[in-house]
Each structure stands twice: as C-alpha cells, then as structure tokens.
Amino acid sequence: MTDFSDLMLDVVKVRRDFPILGRQVHDKPLVYLDNAATSQTPHQVIAALEEVYNRYNANIHRGLHTLADEATAAFEATRDTVREFINAAERREIIFTRGTTEAINLVANAWGRSELREGDEVLVSRLEHHSNIVPWQLLATQLGVVVKVIPIDERGVLDLAAYRDLFTSRTRLVAVNHVSNACGTVNPVIELTRIAHEYGALVMIDGAQAAPHETIDVQAIGADFYAFSGHKVYGPTGVGVLYGRAELLEAMPPWQGGGEMIDQVSFESPTTFAAIPHKFEAGTPPIAEVIALGKALQWVSGIGMTLIRAWEQRLLAHATDELSRIDGLRIIGTAPDKAAVISFVVDGAHAQDIGLLIDQLGVAIRTGHHCAQPLLASFGVEATCRASFAAYNTPEEVDIFVESLDKVLGMLR
Amino acid sequence: MTSSPSPQAAQEELADEFAMFDNWMDRYQYIIDMGRQLPEFPEEWKVDELKIKGCQSNVWMHHHFDGERLHFSAISDAAIVSGLIAVLMRIYDGRQPTEITATAPRFLEDLGLDKHLSPTRSNGLHAMLGRIYDIAEEEAAA
C-alpha cells in the first residue's frame, strides 16, 4: 500500500477549489481520471473569466479607454506569468496561440517553410501525438522534407543510440514531446536537445503533457521551441503557448497576417511587421482565456509543482500496484520515469466496452488510440484504456476506479 | 435470426424486453449477452470494404439480397457493439428492402440508446444504421 501520509498536499482543500468535482454522474460521485485530455478548472480560474466579462471586457493593445487599458494590462501580465512558469529568458519569447497544436503548426509554417528545403530531415519520435507528426508530414508532402522516426523500446523509452544514428548533415529539427500522452514516458529532453544541438539541429518540444506534471525550465533544457496548452494545466480551452528563442522568432517570417501583427500597412510600399511576440499574434486573441490561464498557472505555483508531482507519483504508484493485481491486464508503457498517466489493455475486454461501462459507475477514463496511432501500433494494440491523474485526485478514487474496473470486467469476461 | 413478423414488431418486442431492467448496468449486461449469441462471421468478410467507420472498435457488416429479402451479417471485436449488432439484426435482418425503408428506427428512443449511446460515443451504431438504410434504399430503388 502506497503511503501518502508524509506529503503536505491537503487534497481536501485542493478539491474544494474545483466545483465540478462535487457532481454526480449516473447517480455516482464523479471520479475524473481523464486529466491528460483536459484537466478540470479551479474556481479562481472560472472567476477570472467571469471578471473579464463582468468588469473589463475590451479589445486589447490599441484602445485608449480604461477598459481596454485594464484588459491589456491583465493580458500582458499573463505573458510575465508564463515566462516565469517555464523560465524563459524574456517575455517577448512567449506567444499566445489557440493551443499546442496551433503552436506546432506555427513553427512548421513560419520556421519550416522558410528554412527547410527538399531533402532536409525532421526527426520525430514514435511517442508523438498526431499533432507533432502531421504538421511535419504535411511539409514532407509539400516541400520534400524527410520525416525520420526515433524508435522506442518495449517499455516506451526512446532509444538514444538509435536517435544519435539518425542524424545526418541534413537533419534540421527534432520534434519530440516532453511527456508522452498515451503512455506517460518522461523524455530526457535535456539530453535529446544537447545531442540535437551537437549536430546543429533545432528542437521543438511538445510540452502539452508536461505542463501539468513537470517543472519546466526552457533555458535548462536548451529548447528552441516549447509548446503547451492551457486546458491541460487547469486553465481554459482555446489558449496555448509557444515559447521560441528570441533570435529564432525574430528571424522567422509571420505565419498568419492580420491586425495586431503589423507595423505599417501600405499598398505603395512593403508592409512591415510588428516586433515579437506580436508578429505572431494576428487578430484578436482569446483575451479572457489568456488572462484566466495566468490565474491557472498561479494556482499551480501556489501549491507548487514539486508537491503536485510527488502527490501524483504516489497516485501513479498506487494505481500501478492495484491494476497489476488484475488478471490479464497489461500496462502499456513501463518507462522508469513516467508522469501520472497509466495506459492499459485487458485480455478478453475491449477498451471501448470498459470505457462505456465504467462511466456508468461514475468513473471517467479515456479509451481509444489517444491520437498516437503509431505508438499504439508498436505495442501491437489499436486501443487502450488510459487513466491520468491530477493534483485533486485521491488514493480513494484510485481504489474506486480499480474496484469499478473489476466489476466491469466481470460483465465482459 | 428473424423471429418477429415485422421490423416494427421486433422494435416493440425489444422495447418490452428493455423495460424489464431498471438500470443501465443491467441493460448493458443484456446487450452484451445478446452479442454473445451472434452467429459466426466468416473471416474472409473481415475486409476494408465491409468495415464500418466511426467506431472505436472494429465493425464489419456483410449483406446479401436474395431477390426478395436482405440478409445482414455483422461482427465487432467489442462486446457492447456486438450486442447492438444483435439488436439491429432482430429488426432488420431478413426483411424486404421496402419494409426497412418504411421503418423508422424508433428503438433508438424506445430503448434509450439515443441518450446512452449517442453518436459522440463513437460506437458505430449510427454508422451501421446508416449503412442498413442505404443498402435497403438502393435495393428498393433497383
């Protein structure tokens, strides 16, 4: 039995911040274990959204009136909060996007289209989410870029020797995730980046699954680009972040054109563009969501990522122990360093059936391919069940989940 | 596997059977048990052309028109979807194409499947239904 008693995290108090955790599903208390898809939102973040619309809803940056001034100040304050959250050197290295997917597509389009030539190589890992595969495949089709795959071993750990062997004089970019969404592997991003830089390649890190679980230090990693989403780190949907090293962002052409991203627009002389970060923030951004994201990151910092991580690691250990008792259950992804994500398949029971039935017992897990079909294929499965934990989950919820799973398997096998 | 005289009668029978259960766990168990009684599906029919898209599990559906009636056969690797196939077979298998096109899929509402197994749960039920009606319309028009 995993011991939780020495940890300082007051989970009862944490849970009080999340109104949704009090709801019932099919007359059972909700046990929400689909945090890797979206995390729940603390009332402080919901209040921030409401406050924008109740008090200072306005478009940002150019309005001279008080509402516009207050909205701009709150929006730009989030840039500072994000800078601090990922330890970027400068606030202008923080670009707000719709999410991780848009951030990666921004790099693929702005950097990729201007820098990559036919025959240039991009390395992606087999652990990637489709959003860090397909943008590069699109460039492969359109520009003749070659996408090469970093292999994994049977635990879901990247093969570093094979990684090194993939580099050639044409390797320009490595696109890897910090944490695998489908099997939880925490990748050695510092080492991966160091090796890539030895070969003169840049590194784009998909941090969507790391932001809620890991302390992020883009300077310590040496990342050239780093992306994450608001809604996976207790913030709202529709907002995400791209970090890029200032000199890279400055050299990159804009991707989307529109308001906000310009310096001077003219039909007679060339249109000139705003400085970073605004060059990459065309159009009205999700203002309320950005402001609320700032509150979410402050909420995380208020508890402390070290404590959150320690708590979630105990939940993961407890869940791993308990699930391992179930006959015919195989955990997909057994890396020594995992975030609080546990993927599994069970002999004689389809993931879809487990997901539908366990929902009847109030337990929300994810089933399917988790947008990582190449990864699942390498494990020889088409679908898994995935339970993923957040700071507000409890060991009792893990027990309810495992008991519910047992009950459901009794119906199916 | 048709036993009811018409698609409509089959829908009514199913509604009566489902009304015996007062909770969804029991209904799901009943659906799963129905799926276990599906006839064997030949391996050679498990091909891409017969695969139904829009489902988290694999579903294949084969049909044959004997000049009078449509004969459906389907299988899934998931238990609940197999049970849903069994429900569909009782209503639609062995019917005349015009019988099918004249039958509204009332069972979705009567059995509560529209609420509990909505299309967003990617169970393939609506995709299977769509294919059955498409095939019936094609044969009815031919």
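## Helix H7 of chain A

Let's start with helix H7 in chain A, which covers residues 189–198. Keep in mind that this is a predicted model. Five names to look for along H7(A) are Val189(A), Leu192(A), Thr193(A), Ile195(A) and Ala196(A), and each of them is buried. Look down the axis of H7(A) and you'll find its buried residues within an arc of 165°, so they line one face of the helix.

## How chain B is built

Now over to chain B, which has seven helices and two strands. Reading from the N terminus, its elements go α-α-β-β-α-α-α-α-α. Chain B has a radius of gyration of 14 Å, close to the 14 Å the globule rule gives for 142 residues, so it is as compact as a globular protein of that length. Its C-alpha trace spans about 45 × 30 × 25 Å along the principal axes.

Of chain B's 142 residues, 51% count as buried. If you take the contacts in chain B with a separation of 6 or more, 63% of them come from residues 24 or more positions apart.

As for charge, chain B carries 12 positive and 24 negative side chains. The centres of those two sets lie 6 Å apart.

Definitions and conventions:
Residues are numbered from 1 along each chain as its sequence is written. Chains are lettered from A and ligands numbered from 1 in the order in which they are written. This is a predicted model: local features need pLDDT of at least 70, side-chain atom pairs count only at pLDDT 80 or more; totals for chains, interfaces and linings use all residues. Side-chain values use heavy atoms; hydrogens and water are left out. Helices (H or I, at least four residues) and strands (E, at least two) are DSSP runs, numbered from the N terminus. The radius of gyration is taken over C-alpha atoms; the globule rule is 2.2 Å times the number of residues to the power 0.38. Buried means under 20% relative accessible area, exposed over 50%, partly exposed in between (1.4 Å probe, protein chains only). Contact means heavy atoms within 4.5 Å. Lys and Arg count as positive and Asp and Glu as negative; His and the chain ends are not counted. The place of a charge is taken as NZ of Lys, CZ of Arg, CG of Asp or CD of Glu. The arc is that of the directions from the helix axis to the C-beta atoms.
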